[in-house]
Amino acid sequence: EIRSIEVLHDYREFGKRAYVEDISELFDTRILHESDVEEICRLERTNPLFYEHCGFTPSRERILQDLVVLPPGKTLRDKYEIGFFDGEELAAVADVIFGYPEELTAYIGFFMLDADRAGRGFGRWLVRELCEWLQQMGFRHVRLAYVKNNPQASHFWNVCGFSPVLETEHEFGYTVVAQRELPD
């Protein structure tokens with residue numbers, strides 16, 4: 001079977017092949033590139049509450065940095081900026097890092113849904129699909145962090161099955177690290 005250019009690599013530790021196109025039944029999915037920065041910025045600007053908690057605003061420069069920023073010990077081979085599209089419109093974005101902070105853990109570095117779709121279950125649906133896709137690849141945990149004083153984020157991630165595992169201090173204030181276990 002021929003697949004598009006949007007193929008993720010065989011994940012080294014598990015020998016599983018993952019296709020971005022397979023993530024969602026509801027939205028078209030593909031890897032985002034530098035050419036998508038304006039559309040990412042448009043989506044991010046629909047969520048001003050998020051940026052109030054972070055202390056900055058979306059910009060082309062910041063998004064370009066985010067496309068390549070990595071945690072220690074990871075390379076761009078481990079990082080995927082995934083776009084969820086409703087037709088031609090970017091509906092959501094997820095930044096996923098494979099094997100961080102441990103081999104069997106995938107880390108969601110960023111997830112945002114277009115505000116016009118908020119409150120209708122789309123975000124929960126996409127997180128569930130993303131977690132199922134990561135589970136199929138052999139990951140056993142999904143981890144992320146959110147700003148502690150953002151009750152909207154706390155509620156959303158809790159509803160999505162993530163439980164706090166620790167708190168750390170970050171440039172935005174205190175951050176809650178949350179994790180969701182994936183069944184075998």
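Helices (H or I, at least four residues) and strands (E, at least two) are DSSP runs, numbered from the N terminus.

**Figure 1. Overview of the predicted protein chain.** The structure is a predicted model in which local features need pLDDT of at least 70 and side-chain atom pairs count only at pLDDT 80 or more, whereas totals for chains, interfaces and linings use all residues. Residues are numbered from 1 along each chain as its sequence is written, and side-chain values use heavy atoms, with hydrogens and water left out. The protein chain contains five helices and nine strands, arranged along the sequence in the pattern β-β-β-α-α-α-β-β-β-α-β-α-β-β. Of its 184 residues, 47% count as buried, a term that denotes under 20% relative accessible area, with exposed meaning over 50% and partly exposed in between (1.4 Å probe, protein chains only). Among the contacts in the protein chain with a separation of 6 or more, 60% come from residues 24 or more positions apart; contact means heavy atoms within 4.5 Å.

**Figure 2. Helix α4 and its end.** Helix α4 comprises the 15 residues 122–136. The expected span of a helix is 1.5 Å times one less than its number of residues. For α4 this gives 21 Å, and the end C-alpha atoms are 21 Å apart, so the two values agree. The buried residues of α4 are G123, L126, V127, E129, L130, C131, W133 and L134. Just after α4, G138 adopts a positive phi of about 110 degrees.

**Figure 3. Packing of helix α4 against helix α5.** The axes of α4 and α5 (residues 151–159) come within 10 Å and cross at roughly 50 degrees. The α4 helix is therefore oblique to α5. Axes are lines fitted to C-alpha atoms, for helices over the stretch in contact, and angles run from 0 to 180 degrees between N-to-C directions. Angles under 35 degrees count as roughly parallel, over 145 as roughly antiparallel, 65 to 115 as roughly perpendicular and the rest as oblique. From α4, the residues G123, R124 and V127 make the contact, and from α5, F156, W157 and V159. By class, this contact has four nonpolar, one polar and one charged residues. Here Ala, Val, Leu, Ile, Met, Phe, Trp, Tyr, Cys and Pro count as nonpolar, Asp, Glu, Lys and Arg as charged, and the others, Gly among them, as polar.

Figure 4. F111 belongs to strand β6 and is buried, with a relative accessible area of 12%. Apart from its neighbours within four places in sequence, F111 is in contact with V93, A94, G123, L126, V127, F156 and W157. Of these, G123 and V127 of α4 and F156 and W157 of α5 also take part in the contact of the two helices. F111 and V96 are 15 residues apart in sequence, and their C-alpha atoms are 8.8 Å apart in space.

Figure 5. V93 lies in strand β5 and counts as buried at 0% relative accessibility. Leaving aside neighbours within four places in sequence, its contacts are L32, L43, E81, I82, F84, F110, F111 and M112. V93 and F110 are 17 residues apart in sequence and 7.6 Å apart from C-alpha to C-alpha. D95 is also in β5, which covers residues 89–98, and is buried with a relative accessible area of 5%. With neighbours within four places in sequence again set aside, D95 is in contact with D66, K79, Y80, E81, Y107, I108, G109 and F110.

**Figure 6. L32 in the loop between β3 and α1.** L32 occupies the loop between β3 (28–31) and α1 (37–44) and counts as buried at 5% relative accessibility. Beyond its neighbours within four places in sequence, L32 is in contact with I40, E81, I82, G83, F85, L90 and V93.

**Figure 7. The cis peptide bond at P101.** The peptide bond from Y100 to P101 is cis, with omega near 0 degrees. P101 lies in the loop between β5 and β6 (105–113) and counts as partly exposed at 35% relative accessibility. P101 and V142 are 41 residues apart in sequence, and their C-alpha atoms are 9.9 Å apart in space.
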